[in-house]
Each structure stands twice: as C-alpha cells, then as structure tokens.
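Where do the nonpolar and aromatic side chains of a protein gather? Please look at the sequence and the structure below with that topic in mind.

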Amino acid sequence: MSDNNGIILKMENITKTFPGVVALDDVSMDLYKGEVLGILGENGAGKSTLIKILAGNYIKDSGSIFVDGKKFEISSPSEAMASGIRVIYQELNTLINLTVTENIFVGEQLVKGPFKIVDWKAMNKRAVEILNELNVDIDPNAIIGNLSVSEKQVVEIAKAISKEAKILVMDEPTAALSEEETQSLFKIINTLKSKGVSIIYISHRLKEIFEITDRVVVLRDGKKVGLRKTTETDASELVNLMVGRDIREMYPKRELVIGKVVMEVKNLTAEGFSGISLTLKKGEILGIFGLLGSGRTSLVKALFGANKIKSGEILVNNKKVEIKSPGIARDEKIGLVPLDRKVEGLALSMGVKENITLANIEGLGNGFLIKKQLENKKAQNWVNEMGIKTPSINQEVNSLSGGNQQKVVIAKWLESGSEIIILNEPTRGIDVGSKIEIYKLMQNLCEKGSSIIMISSELPEILSIADRILVMSKGKLTAQYLRTEATEEKLLQSACI
Amino acid sequence: MPEIKAPSQEQRKKIKLGNTVILFIILVVLFALFSYVGRPFFLSVLNLVPMLNNLSFIGIVAAVLTMVMITGEIDFSIGGNIGLTAVLVAFLLDKGLPGGVVVILALCAGALMGAFNGFIVTMIGVNSMIATIGTMFVWRGIGYTLSNGESMLAMNPVIDYIGRGFLFKVIPFPIVIFIVIFAITYVVMNLSKWGRRIYAVGTNPMASYLSGINVKKIKFINFLFSGITASLGGLILTSLSAVGMPQHGQGLELVVISSIVLGGTALSGGRGEILGTLAGTLILGILYNFLTIMNVYYYYVQIVQGAILVLVVSTYEIRQSRAVKRA
C-alpha cells in the first residue's frame, strides 16, 4: 500500500459542521512526498478547521484520512503525532522561559540509565544536529523569550522535525515575519523538502504561494473550489477562485453621505506607532489596513485612551481632547469594539443585559441605585433593534454565538451614546451570515450619523466596506486610498513598505 | 464552535441562590441541633449575646472583604489592622483624648491603612496577597512597638458603649453595627451602580477597563473601606475586652476569609454574595461556640472547622460542574 504514487497524505470527503455553519464541506486532497502544497482561502474559508482536524483538535464528522496508505482516525493530538503530522500554529507554542533545547524536546526528553535521568548531553547534541540540518545559527542554550519571532518559529520547526515529522502543516507562518526572515524560512522549507518532508503551507498571501508552493488548493466557504499547479496559474485566477463571483454582493452598497470632520488626529505618537495624522468625517467608514505588527491596534487603543500618547493631539468635533483613559474616550462619545471580544469586550459570565449597559452604568438611574426596569427596557430595546439572538436578556453572553456576542459589544457602545465607533477586526471568527448583518449594522449607524473607524486585515472586506482606506506599516501611515482607487495589490504593497 | 457550555446567568443565579439557601438551611439545622444538644446553656442570653458580639466584628470585616474579593483582590492585613487599632485606641485614651475623638482617629487610621494597601496594589501593581501579607506584619509590628508588647487598659464611656452598650437598652450595640454594615453592603452589592461595577471588574477587569470603568478607583476604594471596617472591628474588640493589646485579631484574617469562602465567594473574583458571607460567618461562629461550650478540646475544634470549610466548598464545585453538564 505504500507505493500509491508517492502520496503521503490523502484526505477523502472531509466534512465538519458546527452549529449553524458547515466549516468543511466534502473536501478531498492529496499531498505528495516532498511537496509543498499551498492552501489558500479567505478567513472563514475553512483553513483553520482543516488544520485543526489534521492536528487532532477537532474531530471530523465524516471522511477519511490516510497517511502513507494507512487509515488514521486522528481523534486526538497524540494520534496526529503518531501518524507523523506536525502542526506549527500561527500563535507559537514555545515555552518562553525555557531554552531552545528544552523547547525542542519538551514532553519527550531523552533519558538514560535505569532511573531515566534526563540526558542533557544527548539532547544538546541532537539539538545542534537538528539546527544544523536547518542551516540556522541559533544557540541551543538561548532562552526562547530572548529570540525573535522568526527564531521562535525555527525552534518550532526544529521541535516538529525532531520527532520524525513526515508532514508539516504551517499556518500563516509569515504573518509576523519581515521580508528577510520570510526568505530564510523559505530556505528552511526547501531544505526540508529535499529531505522528503511534505509541507502544507497555509497563507492568504498570494506572493508567497507563488514563491514556495508546488500546487495550491483554494478553499471558499468550506468547499474546495480549485486545485492548480502553481506554475500553471496566476494571481487573478486564484483571487477569483478565492473570492468567488458573488463576493461583492456580500457587502451592501450605500450612498455616500459624508459630512463635516468629527475627529482629527495630528502627528500622534505612542508605543507602537509614530507621527500619525488622520481625519474622520461624519457618516464615514474609515478603513485601516495593515499586517500584524503594523501598529494598527496600538493606534486605535491610543485613540481610545488605552495606550499612552507621547505626543501629538486629538480633536473631537474641533475641540482638543486629552484622552487619558477609556472612561474619557467614552465621555467623548468614542467606543471601541476590540480585537478579542471575549477578553477585551465582554464580561462573559454576566448576562446580555449587564453587558449591554456595561459602558453606561451611570445611566441606569439618577442616584446611587440601579433602576431595574429601566435597565431591562434599555437592554430589551437593543436586543430587538439589533436582532441579537438570545433566549432572554438575562442569558449569559458566553452561550451566544460569535456574531451575537459582537452585536452585544456594539450595542454596549450605542447604549453609551457613542458617535465615533472604532471596530478592530469586527468580523473575526464570525460566520458569513452574521458578517453580513454586522456590515449592514455598520452602514445603518453611518446613515444615522455615526462615524466608524474599522481595522481589517481581510482585503475584500475593507475594500468593499470602507469609504477611505489608510494603510499602516511598521508604525507609520504609508498610503491613503479612496475606495474607488484601492485594489488588493495596492493595499498589500503599501502594507509591506 | 464546539465549546463547553457554561451555565447561563439564570442557571448561575439558581446555583448561587441555591447555595445561599442551602447555607441558611444548614445554619438553621445546626442551630436547632446545637440548641437541643447544648441545652439549656446554648440558647441562653448568657451564651448568645457574647457569641453574637464576637461574631459581629468578624462579620463586618467579612462583609466588606467580600466586596474586595469579588473584584478579584484580597486583604490579609485586616488582623494586623485590628491589632494596631486596638493599641492605638488604648494609647490615645491613655494620652487623655476624649472617647469620640479616639473613635474618629482610629477610623482614620483604618482608612489610612486601607488607602496604603489600595495604593500599593492599584498604583504600583503589587499582587494584593503579597502586599497585604506584608502590611499585615507591618501594622502588627507598629502595634507592638507602640505598646511595647504590653496590653493597655482601654476604658472610656464612649469606647465601652461600642462593644458593651445596648441600643434601646436591649440590643447589644455590636449587633446593631453588624446589622447596619450587612444592610449597607447588601444594598451596595445587589442594588447599586457601584456594586454592578464591582461585579463587572471581578468578572473581567480588562473588558471593564475598556468599557470606561475606572478599575483602579474601584479596587482602591474597596481597600479603603476594608481598612475602615477592620478598624471598626478593632474598636469593637478593644471595647469587648476593655484592653488594647497588639495580639488582638491575630489569625483573624483566616477566620474571616474562611467565612467568606464558605459563603460561596470565589477567590478568582466575579462571584460572591453578601448573604452568603452572612451565612458563612454565622455557621462558623455558632459551630465554634457550640464546640467550645461542649468543652471539645480546642485542637479538635480546629479540625472540625477546617473540614467543614473544605467539605462545603467541594460541594459548590460539584454542584457547579453538574449544572454545566445538565446545560
């Protein structure tokens, strides 16, 4: 069975559904020995689900997986390991207080003697061997916390191949890497390839897909929509496959009614960015695009008083304001829908009601006490108006779907009277249906006179939703486009300066 | 996404309510049992009044510390605070200050101690357990220094009344303070905006901060009040014993925290009930009293108290995980 034309990994008709979403729909693909197979797709296309199934974190509903011709159920991470599949996640799993060697052998230290004493000598020797194999210059005794992101990634790769990996799955490995670091990663990938390791390379960066992969699979809405030899396709074909024809319909169109300037930022500098100037007009959706580490989150946190401003000024409605805390930002009618709603946006174990009124507790009564009926009425109003699907306003937000949780966060700011709403990746981790609802909601808000700053790293989203797009790279503004003149290429180019 | 279902707010309320109700049932059963087994002395005024007096200062400290703990912080310095307050009261009376002034100064000292804790925790960012274990020793150390390690008489009409007076000639004054403090904290935590902020901060400090809540201010003020009520406890204890000694309140922090945890407050913050703390305080209090009047050897008393704490908190965890499974 092991000949099967050099196929090392065969996935047949994999399906995985979550309540309300088909995350993977009958997906099949083959991976050859010594091949780099790219998987391309928008956020929510099913890439992460696929990885998690291969890693044993999710269990597929149906379908089969064969490694080297042998069927594996992969119902647990240890089974994935046993089958020879190693996953390197976007968020690195290194233990930052340990050394490189300790990280490589974590969980499976080499031992010697009858008492199974840890064999440091052998481990150090093996670590050096592995790092040499990868042609990298990293001190095996270095503490992980002192290494750069790319070096940490190399350690993860070393960890994976120390355990005889046949198949290496890399999830957006270059998301936090510079161009130079990306190139050295590609060298490592080529070295691995020449040693017969097969690699699944997941990315949404077209340039890299062309540079490093042999074949590419395109996923969209959980379905495999294309499989191409990298040499026989081009960017526009892949984009069309990735985005699909109906993508523009996902984003509601609207008439631009843009008014006076409501917020002006002059030469603002804080931790993570410097010298940023921008204006936001009434009724406008201002998009900010940038890659990981571009300073976009630092910027919006500074606008919201959660990142200390070093110099520069902010004007709201032509009045200079010192936004020293989120409380002041709220009083200036600025709201922030943060990147990680579960950690930064919601008190998860409290009710929908308590979360909706969280930024406006003061408004729950005239004196010291909360007027319960008033609070119930306010919460019920927002639940109705925004179509938040919840059994009751007392339901714990934790049990709501991602889209409904996000609506609760937005409702919180509307309840506090925000007129400038900053959304950081508003549709992250949200299913397609809810995404559309969030877009419509944003547009409704603008029609009613609110203004929106939206950070997004999803190109089609920002290109369709934002009226104007600013691009950030390495803490600076590098470009500004009107929606009509912006393209994916222009944005990516400006983001990589 | 496949997530473990957490209990809903309503289910959680049921659990919370359930826990508090069960605690009060346990309390009533124990009380009935003790009244019968310990008859006739347990139910006599001669026993109940001193018992409740002793419980009162534990209870008022526990009520406010519950608020601190719901924000996810803790205050171990309350025992040291009581020791220092006791010495300070005796010291100031000895200097000839009038009783009313001494009371005010003692409460101010408590406010200062609380503010200091609050400052260290919120402004400098020291973990509150470490910070307040530190200040616990500092407060008591100052008490020893001020008193030279000796007990000092603390007799004065005003001071006497705090611990041994009777309101309307029938209700012991410490019990009046106890009821008032519990009523206030109950209203604050269950009905007020301030209480809502406390629960929010304890549930998710980051989300609360990013919703415009001044997390540091809330924690600081809670520490401040914890200091003031600890001093109030110190005043009651000094009055009850008529002496100010630096050993007053030694080990009290653990009794108070046990009562609070028994009442269902989570050390991690966000979860807790004033009524639960009330029940927890009363249960541990009558248990201790009963075992003592039954002449149970003190070492055994400790074993029983500790075992009950572990048992009850274990049942909370079991009930919680069962509720999660059912959901």
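The points that follow go through the nonpolar cores, the aromatic pairs and a surface patch. The model is a predicted one.

- In soluble globular proteins, nonpolar side chains tend to be buried together.
- The largest nonpolar core here has 90 residues, and those with the most contacts inside it are B:I60, B:L65, B:I177, B:M189, B:L235 and B:V256.
- Helix α2 (residues 45-70) of chain B supplies the largest share of this core, namely 14 residues.
- If neighbours within four places in sequence are left aside, B:I177 is in contact with B:I60, B:I162, B:L232 and B:I236.
- There is also a second, separate core of 74 residues, which includes A:L268, A:A466, A:M472 and A:A495.

**Aromatic rings**
- Over all chains, the count comes to 9 aromatic pairs.
- In one of them, the ring centres of A:F186 and A:Y201 are 6.2 Å apart and the planes stand at 65°, so the pair is edge-to-face.
- This pair links distant parts of the chain, since A:F186 belongs to helix α6 (residues 179-194) of chain A and A:Y201 to strand β10 (residues 198-203) of chain A, 15 residues apart.
- A:F186 counts as buried at 4% relative accessibility, and A:Y201 is buried with a relative accessible area of 0%.
- In chain B, ring pairs link B:F31, B:F34, B:F42 and B:F290 into a cluster.

**Surface patch**
- A nonpolar patch on the surface is formed by A:F368, A:L369, B:Y186, B:V187, B:L191 and B:L275, which together have about 450 Å² of accessible area.
- Helix α7 (residues 173-191) of chain B gives the most to this patch, with 3 residues.
- A:F368 lies in the loop between α13 (352-356) and α14 (372-386) of chain A, and A:F368 is partly exposed, with a relative accessible area of 47%.

Definitions and conventions: Residues are numbered from 1 along each chain as its sequence is written. Chains are lettered from A and ligands numbered from 1 in the order in which they are written. This is a predicted model: local features need pLDDT of at least 70, side-chain atom pairs count only at pLDDT 80 or more; totals for chains, interfaces and linings use all residues. Side-chain values use heavy atoms; hydrogens and water are left out. Patches are made of residues with over 30% relative accessible area and no salt bridge: like charges are joined within 9 Å, nonpolar side chains (Val, Leu, Ile, Met, Phe, Trp, Tyr) within 5 Å. Accessible areas come from the Shrake-Rupley method with a 1.4 Å probe; for residues, only the protein chains shown count as cover. A salt bridge is a side-chain nitrogen of Lys or Arg within 4 Å of a carboxyl oxygen of Asp or Glu. Helices (H or I, at least four residues) and strands (E, at least two) are DSSP runs, numbered from the N terminus. Buried means under 20% relative accessible area, exposed over 50%, partly exposed in between (1.4 Å probe, protein chains only). A nonpolar core is a set of buried Ala, Val, Leu, Ile, Met, Phe, Trp, Tyr and Cys residues joined through side-chain atoms within 4.5 Å. Contact means heavy atoms within 4.5 Å. Rings of Phe, Tyr and Trp (its six-membered ring) pair if their centres lie within 6.5 Å; planes under 30 degrees apart count as stacked, over 60 as edge-to-face and the rest as tilted.
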